Amino acid sequence: MISAVPNQARFRTMLFRHTRRPHIILICSIAIAFSGCSRVLLDERFHDQRLANWTVIDDPDTVEGPSDWKVEEDGWLHQRSNIWGRRGDFIGRWYGTYLVTGDSAWSDYTFQLKAKPTDDDGFGVVFRFVDPEHFYRLIFEQDGFNGGPITRLDKRDGADYTELWSAPRGYRPGAEMVIEVEADGPNLIARVDGHVLFEVKDGSYLRGKIGLFCYAQSGQAFDDVTVISK
């Protein structure tokens, strides 16, 4: 009697030979896909009250300063000073204070955070922050005496800001909001609470840090800051 075991062994060998190559291709494809996946560059919940990896930058010659950034018992980051302006200040510049973090080599990323305004002046975010005179800023201003209500995207180059986009709407003091900025090459997109504010093209700055901003905005709060690479 002839045993069937060798035939079964040969069959398994043939099956392996015919199927291992697709498995290798699949494994390679998965590895390639994951190698191009997004990475979390920053996940800041403000558990560390020292703000060890953040840098405070106040515009020169501001009044009612210095700024007062601190993590409070509610777990939010607050800016308590009413710092604003400088010599030669006028509506459209809105000089104030910044809290900056990250890596100057960051290029394409999505920057998201929660904001909770209690005042009615200006606050926002900065991104692709090269240095204190070169970056993009998204500002929300409510007070009519300071040019509000307006939401505006600016490019700072030296002492001046250039408007890239604006809309005649501000925000509701006391209402929490989620702000998201997406920077992908020259494509700049912003959303508030999931709704698109703008889609703008500008390639002036293609990499840089991120930060938070206040103009005459005492009590402004921020939390849950994330940056994810594209």
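This is a predicted model: local features need pLDDT of at least 70, side-chain atom pairs count only at pLDDT 80 or more; totals for chains, interfaces and linings use all residues.
Strands here are DSSP runs of E at least two residues long, numbered from the N terminus, and two of them pair if DSSP finds at least two bridges between them.

S11 covers residues 177-184 and S12 covers residues 187-192; they pair in the antiparallel sense over six bridges. Alanine 183 sits opposite leucine 188 of S12. Two residues lie between the strands of this hairpin, and glycine 185 has a positive phi near 60 degrees there.

S12 also pairs with strand S13 (residues 195-201), again antiparallel and over six bridges. Here arginine 191 faces valine 196 of S13. The hairpin of S12 and S13 has two residues between its strands too, and in it aspartate 193 takes a positive phi near 55 degrees.

## The seven-stranded sheet

Elsewhere, seven strands make an open, antiparallel sheet, running S2-S5-S14-S7-S8-S9-S10. At its edges you'll find S2 (55-58) and S10 (160-167), each pairing on one side only. On average, neighbouring strands are turned by 20 degrees against each other, ignoring direction.

Isoleucine 57 has tyrosine 98 in S5 as its bridge partner.

## What's inside

The largest nonpolar core has 40 residues, and Phe111, Phe127 and Ile210 touch the most other members. Setting aside neighbours within four places in sequence, isoleucine 210 contacts a list of residues including Trp54, Leu99, Trp106, Phe111, Phe127 and Val225. There's also a second, separate core of 14 residues, with Trp94, Ile139, Tyr161 and Tyr215 among them.

Terms used:
Residues are numbered from 1 along each chain as its sequence is written. Side-chain values use heavy atoms; hydrogens and water are left out. Helices (H or I, at least four residues) and strands (E, at least two) are DSSP runs, numbered from the N terminus. Axes are lines fitted to C-alpha atoms, for helices over the stretch in contact, and angles run from 0 to 180 degrees between N-to-C directions. A nonpolar core is a set of buried Ala, Val, Leu, Ile, Met, Phe, Trp, Tyr and Cys residues joined through side-chain atoms within 4.5 Å. Buried means under 20% relative accessible area, exposed over 50%, partly exposed in between (1.4 Å probe, protein chains only). Contact means heavy atoms within 4.5 Å.
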